[in-house]
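Me: I am new to this structure and would like to go through its helix packing and its charged pairs. Please show it first.

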Amino acid sequence: MDTTDTSRHAEFGVFMPVASNGFLFSTAAPRFEPSFGHNRDVARLAEQGGLDFAFWMGKWRGYGGTTGFWDQSLEPLTLATAVAASTERIRLFATVSPLLLHPAVAAKTIATADECSGGRFGINVVTGNTLDEYLQMGLVPDGYDGARYEYAEEWCEVVKRLWAEDSVTFDGRFFHLADCVSRPKPARRPTIVCAGLSDEGLAFTARQADYSFVGNASPAVAKVRELAARAGRGIRVVTNLFVVQDSTDGRARARFDRIRAGLDTEALDNVIAGFTRSDRSSYEFRTHFLRAPDTVGFGTGTTVTGSAETVAERIVAEVVDNDIDSVQFTFPDYLPDLEALCADVLPIVRERLARQGITTGEGSRRG
């Protein structure tokens with residue numbers, strides 16, 4: 001991902017399978033535990049297929065159920081840095097929680113990952129869509145849920161300053177640094193993504209991030225762009241599509257229906273319970289989405305089923321009609337499904353976007 005060019009440019013990426021069973025809670029979906037080998041192979045295939053980035057979430061506690069949804073997960077900063085050695089061009093984004101890493105530790109860790117990747121590293125800042133995974137560690141300060149974005153704002157300010165300044169002295173509400181140094185500096189500031197969907201989350205994203213990950217919350221697109229413009233900034237918007245592709249629309253839908261028939265309702269209920277333990281406004285949207293008829297997982301985004309032509313049409317519509325800059329994909333079965341997307345779908349997408357004057361490829365136009 002890159003924000004230095006203001007011309008219309010579309011990017012494509014893969015939401016990596018960092019936890020058990022990818023993003024699906026279904027007994028009829030492929031079952032697997034996360035591994036470095038699988039993530040390496042997915043990232044390599046994405047790179048070979050011309051995708052621009054790989055994106056890892058962070059998860060510290062799963063949701064159980066029959067499928068053991070997300071009960072096993074790998075740490076994203078470590079994993080993405082390891083994958084860097086097996087790739088050459090693709091950008092790598094790892095989720096970071098300010099609660100888990102002091103900004104001085106984060107600044108050096110991320111700068112190290114950026115060095116290992118040859119300047120291809122970025123981060124996704126999360127304040128915690130559910131707090132259970134942090135409460136189990138005793139790491140949530142009193143009153144954090146009502147001040148999480150103030151906490152993240154201080155964290156981002158300190159990290160950015162440590163990446164740019166010789167030394168940093170900072171006396172805030174949450175962090176206190178005295179003549180703190182962090183070397184070496186990254187060659188260029190790593191790109192920052194945020195997925196906050198509440199009003200304060202979108203405002204924070206507009207101030208601090210380069211990309212807003214809106215999932216399937218289409219009303220957030222115009223809102224975050226407006227907020228960024230008020231702050232004198234530009235911002236790019238990312239969405240996610242869960243792609244179920246087959247030779248015909250009917251066969252693809254039948255494939256999806258089989259996955260839906262195996263829905264792990266216990267895991268689904270556990271996910272929703274995690275959200276309902278907070279009164280944050282974005283949770284109402286998220287829990288409504290999780291109860292939707294096409295729900296088969298968490299983090300999947302909008303479901304798209306169909307032939308290569310149908311899937312391509314939907315991707316083009318996201319970019320052209322819904323004003324999306326970047327689309328990342330999840331799949332039922334990552335390696336064969338990603339290969340099919342790259343071989344059969346993306347050539348159609350690129351050709352149709354080119355007709356609209358929208359460029360793609362070029363390694364996310366990295367400078």
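Me: At what angle do helix H2 and helix H3 pack?
Reply: This is a predicted model, in which local features need pLDDT of at least 70, side-chain atom pairs count only at pLDDT 80 or more, and totals for chains, interfaces and linings use all residues. Residues are numbered from 1 along each chain as its sequence is written, and side-chain values use heavy atoms, leaving out hydrogens and water. Helices (H or I, at least four residues) and strands (E, at least two) are DSSP runs numbered from the N terminus, and axes are lines fitted to C-alpha atoms, for helices over the stretch in contact, with angles from 0 to 180 degrees between N-to-C directions. Helix H2 (residues 76–84) and helix H3 (residues 103–116) have axes 8 Å apart and pack at an angle of about 20°.

Me: Is H2 roughly parallel or roughly antiparallel to H3?
Reply: Angles under 35 degrees count as roughly parallel, over 145 as roughly antiparallel, 65 to 115 as roughly perpendicular and the rest as oblique. The angle between H2 and H3 is about 20°, so H2 is to H3 roughly parallel.

Me: Which residues of H3 make the contact with H2?
Reply: Contact means heavy atoms within 4.5 Å. From H2, the contact is made by Leu77, Thr81 and Ala84. From H3, the residues are Thr109, Ile110, Ala113 and Cys116.

Me: How many salt bridges are there?
Reply: Side chains of opposite charge can pair when their charged atoms come close. A salt bridge is a side-chain nitrogen of Lys or Arg within 4 Å of a carboxyl oxygen of Asp or Glu. By this rule, the count is 22.

Me: In which helix do Arg253 and Asp257 lie?
Reply: The side chains of Arg253 and Asp257 form a salt bridge, 3.2 Å from N to O. The two residues are separated by about one helical turn because they are four residues apart in helix H8.

Me: How many residues apart are Asp294 and Arg253?
Reply: Asp294 and Arg253 meet in a salt bridge of 3.2 Å, N to O. Asp294 is in the loop between helix H10 (282–290) and strand S10 (302–306), whereas Arg253 is in helix H8. The pair links distant parts of the chain, and the separation in residues is 41.
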